[in-house]
Amino acid sequence: MEMAVKIIMLVLFFGVMIGVGFYSKKHTTDVKGFVLGGRSVGPWLTAFAYGTSYFSAVIFVGYAGQFGWKFGIASTWIGIGNAVIGSFAAWAILGRRTRIMTQHLDSATMPQFFGERFNSKGLKIAASVIVFIFLIPYTASLYNGLSRLFGMAFNIDYSVCIIIMSVLTAVYVIAGGYMATAINDFIQGIIMLFGIVIVIAAVLKINGGFTGSLDGLAQIVDTKVSSNPGVFNSFFGPDPLGLLFVVILTSLGTWGLPQMVQKFYAIKSESDIKKGTVISTFFAIVVAGGCYFLGGFGRLFSDKLEVLEDDTLKNGFDSIIPTMLSDLSPLLIGLVVILVLSASMSTLSSLVLASSSTLTIDFLKGNIIKKMSEKKQVLSMRILVVIFIAISAVIALFQYNTTSNFIAQLMGISWGALAGAFLAPFLFSLYWKKTTKAACYVSFAFGSLLMIANMLFRAHFPAIMQSPINCGSIAMLAGLVIVPLVSLITPKPDEKLVEETFACYNKKQIVPAKESLGEDAE
């Protein structure tokens with residue numbers, strides 16, 4: 001009976017996802033429809049698409065467990081940073097300008113934006129290569145964490161889980177493109193919002209509620225981490241600097257990730273940006289804040305985990321969250337599985353859509369295939385969705401069966417490489433007329449090569465940069481210095497091109513009197 005309840009929940013979930021895919025098929029007749037939903041997606045769908053692409057199973061199972069174990073209840077700051085910097089500030093600073101300039105330049109992807117913004121085919125190709133190289137391993141990482149949850153709930157092999165998730169995601173993305181992804185993201189987001197609240201309440205109840213759990217955390221002393229009692233329920237935890245680097249990477253990083261920024265391309269109107277900002281921030285506070293808050297109590301379950309002498313776990317940090325959930329009721333466990341599936345499938349669909357559209361529009365079209373009609377572009381993207389999902393599934397299976405450290409490290413540096421390469425060039429391109437093509441190239445090279453070097457020669461890096469998280473944060477922050485500096489010492493961009501590009505911000509718009517008094521108002 002218990003297993004039947006879980007299976008029914010899964011079947012209903014998958015049925016809705018597939019149904020939405022075929023319902024949205026009418027929006028995929030051309031490239032803009034398939035990639036951007038015709039730039040007519042409302043605030044709720046856009047905000048939830050942003051949030052669900054942001055927070056995947058990597059966050060819920062991996063990061064929440066790992067950083068909750070390392071920082072204690074202070075890991076909640078990561079979720080707060082994700083909400084304030086990764087959501088609110090991203091929408092407020094990037095949202096409007098991204099929507100206006102990308103529509104003006106008629107660009108549907110981040111590489112296409114760089115190509116049109118600087119009239120540079122080389123820049124577009126370079127950006128598309130970076131996206132292709134680093135989004136694939138990041139996509140594969142989404143399957144991590146699902147193995148233990150599925151094993152706990154259904155006692156089925158991880159390989160079966162990967163195949164089911166891959167096939168179902170491919171079906172609804174191929175059928176409905178961005179619109180299907182956005183609608184499913186909204187549904188999956190609702191599940192994530194309610195699911196995380198219910199799960200937190202159930203887990204805390206095991207240890208005497210919120211105050212009882214905090215008291216229990218205060219009693220834990222780990223001399224390998226800190227000799228101070230109560231450090232795991234303190235304001236900034238045992239390692240404030242390490243915590244800061246995690247906040248920077250996971251929060252500021254969204255500003256340079258193609259699959260995140262692309263959500264702003266599809267916004268319908270000005271009012272939608274304002275609504276989307278509020279909705280997205282609320283979503284991040286509940287989901288990200290909730291995930292890291294939950295993970296902060298992981299050490300209360302250390303008696304069920306095999307802790308090694310170096311304060312790591314024999315079965316890895318991915319085992320923490322599943323262990324915390326193992327004693328919940330079958331109904332709640334089924335809810336958790338659907339919650340994590342929702343988080344994974346929403347991010348997976350967003351990533352493969354970004355990868356397939358980038359490779360088609362920015363690499364194949366006009367370079368490999370000189371003439372490519374709208375129909376052929378959409379067909380190419382659908383085929384590439386299948387290919388990318390298949391590659392990511394194979395990588396995930398390979399890692400699972402061989403426990404390859406190389407693959408795991410490559411997944412870990414993906415976020416830092418993408419954000420390190422793109423964040424600063426994209427931000428300055430929206431705001432600063434003096435940004436040069438050379439500055440973009442230098443930032444691309446610095447961010448991506450630094451992270452590759454970190455993976456291959458980590459032992460030779462300074463101690464503070466040996467962590468991929470710290471290194472990725474430094475790459476992003478360095479880009480904010482590199483781009484303006486290189487722009488000032490390299491040839492100025494074509495003045496006519498720049499003025500034509502920035503003219504989009506000066507276009508007159510008619511707005512209601514409640515939003516503006518007008519130029520003639522006394």
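I began with Asn119, which counts as exposed at 63% relative accessibility, where exposed means over 50% relative accessible area, buried under 20% and partly exposed in between (1.4 Å probe, protein chains only). Asn119 lies in the loop between H6 and helix H7 (121–141), and its phi is positive, about 50°, although Asn119 is not a glycine. Helices here (H or I, at least four residues) and strands (E, at least two) are DSSP runs, numbered from the N terminus.

I noted that this is a predicted model, in which local features need pLDDT of at least 70 and side-chain atom pairs count only at pLDDT 80 or more, while totals for chains, interfaces and linings use all residues. Residues are numbered from 1 along each chain as its sequence is written, and side-chain values use heavy atoms, with hydrogens and water left out.

Next I looked up Asp106, a residue other than glycine whose phi is also positive, near 55°. Asp106 sits in the loop between helix H5 (76–104) and helix H6 (110–117), and with a relative accessible area of 41% it is partly exposed.

I then turned to Gly479, which belongs to helix H19 (residues 468–489) and is buried, its relative accessible area being 0%. Setting aside neighbours within four places in sequence, I found Gly479 in contact with Ala424 and Pro484, contact meaning heavy atoms within 4.5 Å.

For the interior, I used the nonpolar core, a set of buried Ala, Val, Leu, Ile, Met, Phe, Trp, Tyr and Cys residues joined through side-chain atoms within 4.5 Å. The largest such core has 165 residues, and Phe55, Phe114, Phe422 and Phe444 are among those with the most contacts inside it. Helix H9 (residues 158–206) gives the most to this core, with 20 residues. A second, separate core has seven residues, including Phe428, Ala439, Ile482 and Val483. Back at Phe444, and leaving aside neighbours within four places in sequence, I listed contacts that include Phe114, Leu123, Ile130 and Pro425.
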